2 protein chains.
Amino acid sequence: MQQVKFLLSGYLGAPPGALFFKGVRCNFPHSAIPVPLREKLHLTPFRVPLESPPMIPHLTTALTGPLLDLERRMLDRMPEIERWFRTQWQEHEVPFYASVDLRNAGFKLAPVDTNLFPGGFNNLSPEVIPLCVQAIQSAVERVCADARGVLLIPENHTRNRFYLQNVATLQMILRRAGMRVHIGTLNPEIDRPTTIDANGNGSLVLEPLAKQGRRIGTNGFDPCMVLLNNDLSSGAPDILQAIDQPIAPPLASGWYNRKKSHHFHVYHDVARRFAEIVGIDPWLIDPQFAVCGEIDFQERAGEECLASNVAMLLHRVQSKYREYGIDEKPFVIVKADAGTYGMGIMTVRDAADVTGLNRKQRNKMAVVKEGLEVTSVIIQEGVPTFESINEAIAEPVVYMIDRFVVGGFYRVHTERGKDENLNAPGAQFVPLAFETPCIPDPGGPAGCAPNRFYAYGVVARLAQLAAAIEVEQLSEPA
Amino acid sequence: MQQVKFLLSGYLGAPPGALFFKGVRCNFPHSAIPVPLREKLHLTPFRVPLESPPMIPHLTTALTGPLLDLERRMLDRMPEIERWFRTQWQEHEVPFYASVDLRNAGFKLAPVDTNLFPGGFNNLSPEVIPLCVQAIQSAVERVCADARGVLLIPENHTRNRFYLQNVATLQMILRRAGMRVHIGTLNPEIDRPTTIDANGNGSLVLEPLAKQGRRIGTNGFDPCMVLLNNDLSSGAPDILQAIDQPIAPPLASGWYNRKKSHHFHVYHDVARRFAEIVGIDPWLIDPQFAVCGEIDFQERAGEECLASNVAMLLHRVQSKYREYGIDEKPFVIVKADAGTYGMGIMTVRDAADVTGLNRKQRNKMAVVKEGLEVTSVIIQEGVPTFESINEAIAEPVVYMIDRFVVGGFYRVHTERGKDENLNAPGAQFVPLAFETPCIPDPGGPAGCAPNRFYAYGVVARLAQLAAAIEVEQLSEPA
């Protein structure tokens, strides 16, 4: 029998020197077991060092006061916060799943991107997979309690081995939740079942979609529901329209149909309502933004709109910085209002920087994923990332399934500055899984890992809620 | 920074030699990270031995074939099983929580007791506490989405330190789920808030109940819901009647109102329906039983009924043993039809054993918890326990919150035989927490820990479902 070498004591607060029963942990102090029983069971108590506390990246700013205060308030008002979320999810349909990119500036904690078709499940800690399995059971029950078979539709890029690991992880979670899973691809190059290696996570079988009347599936597989892990940047495919099975998330939530500005407009209102409950300035969790709707980078149309909005936003951020005594130079992020994958993104510190872009810069901004042309941009307050680990910048990404925060990871990047987008194309980040679930330790201090992750989970859920309301508005008949 | 010494790789199937990032696990093969990045991040890969597989007690019978077959069938039909449970929980209200005692005979896996007011949460592994927190959020949402404050009403025995640890664990789970929790006691000796030590799990404050009109609470605390952890052996207390707040589980599910024979009668039907789905003989999961309704041990009334039922049941079990080629001597368990806590229980191998009981034996059988007199007994097929660990007998106990199996433990006892009740008064058992959640590994073999625990979780949920239907029938107006 193996010897268990350490004690994961984070949750029950077991003291150092807990008892081990030939390698199996007992939640028992040694003294509680009568001597004859100890001998009969061959109990060999040995002291185990308490594991070091779970690691979170170092906050490299002196301005941690506001964040600790925010975390403290969230812990103190947890019952109100959780109740509020419960009532919100009675009014709004919770997305099947979502991931939210956050920035933690120490003085401000804000979402910068909300993904309704999250990749990256492979980056979560193995310890949270049971939470994912349990949460996906809730999600499936909500969408279609009758489900046994799930058709998972991934992105088309079959050569990105990290993305393939994500698909393999999603498939594994669904299977452990008791689903029969087939992977149907929209990729026209795949015209027969094709086995591809998922980079150490086993292999995946991609199958072409097959439609029969109003039912979608793959050859010989008629699923009860469709789970999209494809963000539909280039539109809702014909083959998925007018089908009988429920599709989660709904086709309307594809990126072809979403605008970042719409999302942050709704988020602004959600953050305002939440801030009232917790008693904070909503700016502490809400990035300011502006929109330019008539941009043509190639034709240099709309440059003035861009420049004046950049100037206005920098001014507003500067005055907030003054209010809080923040000695940082404000910056804004200019990005395509539709689309994803970190293309078409620019960091701007001065309005003059957006006039007179050279050809290379304009080309970079002009198109996003799948060749979509950028015609509208959002100018968003830049939230610097002050979390770092071994001098590398870290940006938290939080995952939700149904209404549960199931975990997250840090996107760690060495090559970039604290004011740059970490999800840029080719960005070689290293994911660092959160070591504990995002479940708070009400007895612990603000700033300890579970409580920091709880705060991340709260802000991420605000963004998830905003996405839910946003999609509702999109789905409403015109 | 600490070094993480091992890899909990049970879930993502990460290969040995995964990468560690200064003590933080990356779900990355080392080769996937470019050399400059490795150096910049001070990545120091080191090979880690795969942890030994999680431990489950040894099955000390040659007759494991039927069990492995049962586990295999459950794995193969998992989508049907999970879907069936989902549809059942649409028709029947899922109990807030429950624990089920199982016996594993290798040739048969059956529930022997279903507790709707489970103690023993302190015996669960710390790793499953996040699952408990997540599941209790579902349970609260179902009972009362509006809840912020929960009044937890425990048993009255304030001197049982293991039970106090259970109450402390429940309180901790509720708090982490975002509830405000007060503990209100029915114990008349407690007439002011009283702090008691929870045996290393912090301290508990017990408060006397306070009723105002139709609202129950404690002084200054008006909860949204009442969570009972008191099995109401001696009846539904007046103070809890006619109150406005929802009570979970409902008063009607107290032991004063339940009968084991009713439970197993309903279970028999549930097992039959389930067996059809999986294609097995329901006997493999269903203990046979009979009832004697007019017993007075002190007056020796009803002995003939008992003896004839024991003989009949032993005969039925014997013929099943013959059918399956089981070379064991059948036995039955005689126990009080109402009540709990392992009092009033007898192992019988021959009908003659129940006639001519001596005074001591009769006294032992005559009363159960809180002095309740035994007037009716259930005679149940004995299911031998063939699981053992270091020669000690082990009996699995499975915990559910809402419709989720959150974990379990083995009740390990050295002093008793495989055919005896392990939950007897004074039984000094050692709990061994299940090392993995009860989430299956569809790729793994039958008999591996996750799949064995999955089978336990399925049978336990069948008993939970039976309890739900049973309580429905109890609650129906007469």
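This is a predicted model: local features need pLDDT of at least 70, side-chain atom pairs count only at pLDDT 80 or more; totals for chains, interfaces and linings use all residues.
Student: So in which order do the 4 strands of the open sheet in chain B come?
Tutor: The order is β13-β16-β14-β15 in chain B, and the pairing is antiparallel. Strands here are DSSP runs of E with at least two residues, helices are runs of H or I with at least four, and both are numbered from the N terminus. Two strands pair if DSSP finds at least two bridges between them.
Student: Which ones are the edge strands?
Tutor: β13 (289-292) and β15 (345-348) of chain B, each of which pairs on one side only. Neighbouring strands in this sheet are turned by 20° against each other on average, ignoring direction.
Student: Ok, and how many bridges are there between β14 and β15 of chain B?
Tutor: 4 bridges, in the antiparallel sense, with β14 of chain B covering residues 332-336. B:Ile333 has B:Thr347 in β15(B) as its bridge partner.
Student: Which helix packs on that sheet?
Tutor: Helix α7 (residues 303-324) of chain B, touching β13, β14, β15 and β16 (377-381) of chain B. Contact means heavy atoms within 4.5 Å. The helix direction makes about 175° with that of β13(B); axes are lines fitted to C-alpha atoms, for helices over the stretch in contact, and angles run from 0 to 180 degrees between N-to-C directions.
Student: New topic: is B:Arg103 buried or exposed?
Tutor: Buried, with a relative accessible area of 4%. Buried means under 20%, exposed over 50%, and partly exposed in between, using a 1.4 Å probe and protein chains only. B:Arg103 sits in strand β4 (residues 97-104) of chain B.
Student: What does its side chain make a polar contact with?
Tutor: The side chain of B:Glu395, at 3.1 Å. A polar contact is a pair of N or O atoms within 3.5 Å; within protein, one must be able to donate a hydrogen and the other to accept it, and residues adjacent in sequence count only if both atoms are side-chain atoms.
Student: Over in chain A, what does A:Arg103 stand opposite?
Tutor: A:Ala110 in β5(A).

Note on methods. Residues are numbered from 1 along each chain as its sequence is written. Chains are lettered from A and ligands numbered from 1 in the order in which they are written. Side-chain values use heavy atoms; hydrogens and water are left out.
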